[in-house]
Structures are given as structure tokens and as C-alpha cells.
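Dear colleague,

I am passing on the structure we spoke about, and below it I have set out what was found. Please read the notes with the structure open beside them.

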Number of protein chains: 2
Amino acid sequence: MTQVNQAVAFLTIGDELLSGEVQDTNLPWAAVRLRRIGAAISELRTVPDDIESIVSAVRELSADSTAVVITGGLGPTLDDVTREAVALAFGLELVRIEEIEEQIRTYFISLGREMPLENLRQAKVPRGARVVPPKGGTAPGFMLDVAGCLVAALPGVPEEMKEMFDSAVIPELESRFAGNPVSITRRINTFGVGESDLAGMLTDLYGLTGVRYGFLASPSGITVKLTVDAARGEAERVLDREQALVEERLGELVFSHGSETMEEVVGSKLRRCAKSLALAESLTAGMACSRMANVPGSSTYLRGGVIAYSEEAKREILGIPADVLRNGTVSREVAEEMARAVRSRFRADIGVSTTGVAGPATGGEEKPAGTVCLGLSTAESEVSWETRLPGDRNMVRSIAANAALNVVRLFLERSLETRSG
Amino acid sequence: MTQVNQAVAFLTIGDELLSGEVQDTNLPWAAVRLRRIGAAISELRTVPDDIESIVSAVRELSADSTAVVITGGLGPTLDDVTREAVALAFGLELVRIEEIEEQIRTYFISLGREMPLENLRQAKVPRGARVVPPKGGTAPGFMLDVAGCLVAALPGVPEEMKEMFDSAVIPELESRFAGNPVSITRRINTFGVGESDLAGMLTDLYGLTGVRYGFLASPSGITVKLTVDAARGEAERVLDREQALVEERLGELVFSHGSETMEEVVGSKLRRCAKSLALAESLTAGMACSRMANVPGSSTYLRGGVIAYSEEAKREILGIPADVLRNGTVSREVAEEMARAVRSRFRADIGVSTTGVAGPATGGEEKPAGTVCLGLSTAESEVSWETRLPGDRNMVRSIAANAALNVVRLFLERSLETRSG
């Protein structure tokens, strides 16, 4: 599958990566970047801060790859030996770079701190290497051509690594992989049906245009991933068409693209419609409201809410009539009353509510664990739903919080349509 | 640092690990397990689902290591080639294991589904290998001794991998690493001071007994990690003493050990004291209450709360007097009123509140971003705090939610002390 002419090898360095203390996050990030320029990662090796292990890994990987990206081991202390190891691997000496030394001195002066002498180790690179100066931090990276292979050594700290990877490594690799098909992925985020139902709705689209389908399930919904390998402009065109097809098919199940969250979508629709929101939460106990408050500026449309976790609170704080509660606290009727009460108490345009059984079952529940009721109250209408969600306590609560925000989204989308229609 | 006689190499297999779609979580988990039996991971390699890449990685790693743990590539489809690659690497043929074939057939019958013929591929292992039967799923693992090196192949699915690692691999390795010093880590979770202050409180303890100190900061507080390398019994004894010293020094800053969360601690103390809790949240907008509701059984002590996100809600729902709000909604006085009001409305024993400025700053705020006020109201006393928290919007909100739960914990601890004193 992996072609030799697309091969980028990764070498990550550090005892802490092998002891389980730190998990590398640079590779998954870089992999997506590389696919976009027609490259792919052919192998990953992780070795300790040990000069011999690094030397043999660098030699072996550079013999087989178009590029080797090394991360870590560029710090100032004596256990950081990547500079020495790369020099040794290719029989080069280390040379001091005056500009970098100056930059490190200036950095410490700007912090008002004395520079430890050890930091001067960071101003050395193998002879012939091109220095990648640090934007933050003190560790410069460097790049070296060895028998047709680009060897790039970058700091392990993710912000520093990413900055240098984008500014220095990607431009170098772009020309080497020019002409290769690129691989681009788009994400369409849906909420409201399960993975197999969603996949079933799209079956007849598979394989028509070379677009690969992937599905990613989480409490936030199912994300449809569309990936295509093609020449750059062609890939975008194919994806534009495929995305339009998928979105037409899925209709209002689609709530956003890329990394946009449900609360961001609901927030921006509330703002556009100039509507305010209040929440009455039992099962979700504040999770839905807290999610809404994650969005900067949410105080313009978010009034607040009542967490009516106990039956007493439903009765006394929200004023739900005793006869509605007679058949239990988990029902569409209770959810409707909760939504109506919170909308009226908070004088909001929209009231939404959750009640349900999170589990684990203890035997005394009125309904099975996973039962969730939602209510929506607006000036125009009052609606409620009852459903059964899968998963453990936290998953049921998370999905229910999303479901509550989703009914608000659907209401707002439909009223935006009516307004513009 | 890594001794040869402690060397376990990891080989993870799968295109999806190199394309950035899936992040391996088995290694960090296994590393901790291995350290406890005196072993360490000396190298990680990740290769694609490609038979030649796997063969050469298996050969190279097994030549240098006490054990090679391989994960992934044991599925039923044709791209899963770990079985074939391991057999090829050591010149062995694949043999069919009847019991496993039977187990796979039974598994599909129990699901009421027809068994795809491809699944029978999973019943083959290299000749001479010991089969590790699957508990869930259909992929068996296998273990093989090659010239003094244990080669263990396990499924990549974390639950299946972990089950087999603990039940089959660890017992095999325990004898091979017997006599090695083990490495054990304990976690002491604190809340209430920053990392450098906490470290400063412990400085004179460092290095006295060979215990290594580490500090891990998150919105949930600072975790002190104590790690010792020693003979098994000795390690536990040294840690018992060190932990007692640290806890005496840190006093009520310590809220839990290991993986116990703040909400679990507060929940169990509320239960022991037979006290109920209600929350008035502005800044945290339900996050603190939702955290409390994460704990199964929380409905026995959690009454609920009011999310008074707007000034109007503070006035109208909680009934905070207009003159208290005249100087703004972020003040100790407002926090006290909120805690008192919610305690009284929900007829709870304890009321706790949050109000503050989450940021990002837009210029119109009454106080700087990060300003947080907390209030606590009980039958015995009313207390409030004002503090300034670091970080972005979500970090400020998360730390504030923790801080609110922490003041409840401190109140309950002190009243438990008084009762037993």
C-alpha cells in the first residue's frame, strides 16, 4: 500500500515516551499534513534518550526513506543527545551557530533570567545542516540532506514541533512529493441516527467516485469522513461534489463540518435568530447548559437554567403539578412541563429539558437505564420525545445533553427556513 | 539507562496508526504494567499492514530483546497478516488450531450470525506457538519462544489486548525479570495551590530515600507522583513511608489517591455525613453540578441547582437583592447570596456557588478575565472567596468547578473531624 516514493519515516526520541508518562501527539497531526501533500508515513520508531539507539535508527531509516522526521532530544540538558547522534550517524562534526547563540542569550535576557551555560549546547548543529530557528522556546531544529534523504530534527514540544514542521519541513517535502496524488479528508458531523443506519443511507454512493467513506462514533454523534486520493485540485472538486450529495441525502441530520461543535452551531443560530435559551436539566444535571457556556459570548443568548435533579426540585422549583409527577419523573409529559416552566421562569424564547434514567440499574427505577425524555417549549409550539440510549452512565448523559442541544438546533433551522422562505 | 536484561520491544501494526486515524493507547498502559514487574520498553516500532515490513521488524527486534510484544493485524480480513509474517520471520508454517476454530464458530452462533469463512484464518498460529484464546472478539493471540526471546502477538483492540497482556504475557515475563528492581508509582491528588508552590513545600524531602518526585498539572489540580525503583516489598515499604510524609506535609490540600476524582470524594463524604447539596452556578453554568451527577447514586445527596447565567436570573430566580448586584455580578457578596439562596430554595444542607469572568476579555467586563468568586452556605456558617485563575475560558471554568466542589469537601472534612474529635 505504502509506496516507496511516498515514504516519510518518523523517529521520536525520549525515555518518557517509552515509560508511558507522555503520549506522542505529533505523529497523528503530522500524518494528516503529509497526506495533503501526497506523502505518507511508512514507519515510526521510538527510542530512548540513548545515543547508540538513535544513531542506528537514524542510519536505518534514512537508507530507506525520502525523509526522516526526528522529534525530541533537542533540549539543553545532557540527556538530550539528538544533535550528537545525528552528527555521529553521518560522520559529521557539530558546529556552533552564532546567530542561534545570540538568539538564546536574547531569549533569557527578555525573561530577565540568567542563561544556564548548558543552553549553549542548543546552538550546535551537524556541519552542513540548515538551521530552523526557534519561534518560542530555545531549541532550534535543523535539516540535512544525506544521499537524497531529508533528515529533519525538530523539538518534541508539540507547539514548537508543529510550527517548524509547517514552516520548514512541509515546504521542503512539497517539491519532493510533487505530482503524487494527495489525500484529503473532510468531516461531516451528524446527530440523530446510529452508525449502521447512517451507513445504510449512503450505501449506494460508495465507490462511485473513488471517495472512501469512514464513520466515527462518539457521544457527539456520528462523523462521516470522506477521503479522496487524487491530484490536488481534482481532490477538492471530487470532494465538493461528494459532500453535496451526502449532505443532500442526510438533510438535517448534518449539524456541522470539520471541528465545529454542536454548541457552537446552536450558539450562532441563536444569535442569528436573536432568540434566548433556558434549560431545565434532570438527567444531564447541567451538562447541556455548561456546554452552551463553553462558547465565548454565550451570555448574550444563554439565560441559564434549573437543575431539577430531585423530584422535590421538579415540584418546588419548577412548579410541576403533583398529578403530572404521579406516574414518575421520567415521561414526555414531565419533560414538556419542565421545558415550559424554565422558559417562563427565565423569560426565554426557548426552553429545553432533559429527564431520564442514567443507570447503572439498581432495581428501583421506573424505566430501564438509558430511557431519556426531552422537551422543547417555544412561543409557537411544545414538543417532547422519548428515546432509549445505549452505553454507560456517562455516555447516556453525554448523548442526552447533545440531543437536547440538537432539538434546539432543529427548531432554529426550521424557523430560519420559514423566515427566509 | 535501559538495561538489556529489562528490554521489551513493542511492535504495533496497522496502516491506521501511521495515517493518524487511530492513536495507540496500548503502549502507555503496558509500560506501567511492565515497570511494576521490573521490565521496561526499550523500543517501539509501528509498521503498516505489510508483510515484508513486519517480517524484518520482528526479526530485528527479537534479536535484541528479552521479549517482543506485537499488537494488531490479527483480524479476519486479508490485510491482517501478522500471523503469516511471524511464521515467515522464523521459518515456521501456520497450523490450524481446532479448539479455536470451534470457539470462533460458537461465537458466531451465539450472535445468531453466519460466520464469514475468512474468520477461519484466525484459527491459525505458527507451529509451536502457545495459543491465547480470546475472551471477547474472535482474534486469538499467541506466544512463541525464539532463541530465548518471547514473541507475543496480541489483538490491537485495547480491551482484548489488555485482557491477554495481563492474563498471559505478564505471567510469562514475571519469571524472566524476577530479581530486577520494580518501578512503582503512587499518585497523590491535591487541589488548592499551584505547581511551583506545591513543589516548594516538598523540596527538603527530595532525594532522601531514592523516591523520584513528579508533578502533573491539570484543571483537576496538581498530582504528586512518587516513583521508586527497588525490590518489590521494599518499594511498597519505601512508598508507604514517603506517602505518609508527603500527606502530613500537604494536609488538607490532598483530596484523593490514584484515580479517585473530586466528585467521588465529595459524594462519599456527603453520604457519610448524610448531608444534601445544591449549587448556584453562573461562571461554571452547570459544570460543577454535572460533575457531581457523574457519580452513580448521586441522587441520594444531590438536590440540583440553579444556573443563574444572566444578571436577571440572579435577581429573579435566586432573588438576589438589587443593591447587592449594584456593584456587579462578580463579587464575594453576590457569591454568598447565591449560595444562601440556592440552599434555601432547594432545602439542602449545603449551598455552594460560582460567579466570575471566564474570558476572553472583550473590554466590557467588570473585573479581569479569570476572576472567580465562590460562596458556601451551611446551617453553621457562610463563607466566600475571591481568587484569580490562569488559563483560557475552558480552563478557568473547569478549575472553578473543581474549586466549588473542593470547598464542599473541606467543609465536610472539618465537620467530620469535629464529630469524631
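**A helix pair in chain B**

In this predicted model, helix H2 (residues 26-36) of chain B packs against helix H6 (residues 158-176) of chain B at an angle of about 25°, and their axes are 11 Å apart. Because angles under 35 degrees count as roughly parallel, H2(B) is described as roughly parallel to H6(B). The crossing in which H2(B) passes H6(B) is right-handed. On the side of H2(B), the contact is made by Asn26(B), Trp29(B), Ala30(B), Arg33(B) and Leu34(B), while H6(B) contributes Pro158(B), Met161(B), Lys162(B), Phe165(B), Asp166(B), Ile170(B) and Leu173(B). Sorted by class, this contact of H2(B) with H6(B) has eight nonpolar, one polar and three charged residues.

**Two residues in chain A**

Glu263(A), which lies in helix H9 (residues 262-273) of chain A, is buried, with a relative accessible area of 7%. The side chain of Glu263(A) is joined to that of Arg291(A) by a polar contact of 2.6 Å. Not counting residues up to four places away in sequence, Glu263(A) touches Arg291(A), Met292(A), Asn294(A), Val295(A) and Leu405(A).

Ala31(A) has its place in helix H2 (residues 26-36) of chain A, and Ala31(A) is buried as well, with a relative accessible area of 2%. If neighbours within four places in sequence are left aside, Ala31(A) is in contact with Ile41(A) and also with Leu18(B), Ser19(B) and Gly20(B). Between Ala31(A) and Phe10(A), which are 21 residues apart in sequence, the distance from C-alpha to C-alpha is 9.9 Å.

Conventions
Residues numbered from 1 in each chain as written. Chains lettered and ligands numbered in written order. Predicted model: local features only at pLDDT ≥ 70, side-chain atom pairs only at ≥ 80, totals over all residues. Heavy atoms only, no water. Axes fitted to C-alpha atoms, helices over the stretch in contact; angles between N-to-C directions. Helix = DSSP H or I, 4+ residues; strand = E, 2+ residues; numbered from the N terminus. Parallel < 35°, antiparallel > 145°, perpendicular 65-115°, else oblique. Left-handed = near helix turned anticlockwise from the far one by under 90°. Contact = heavy atoms within 4.5 Å. Nonpolar A, V, L, I, M, F, W, Y, C, P; charged D, E, K, R; others polar. Buried < 20%, exposed > 50% of the residue type's maximum accessible area, 1.4 Å probe, protein only. Polar contact = N/O pair within 3.5 Å; in protein donor to acceptor, adjacent residues only side chain to side chain.
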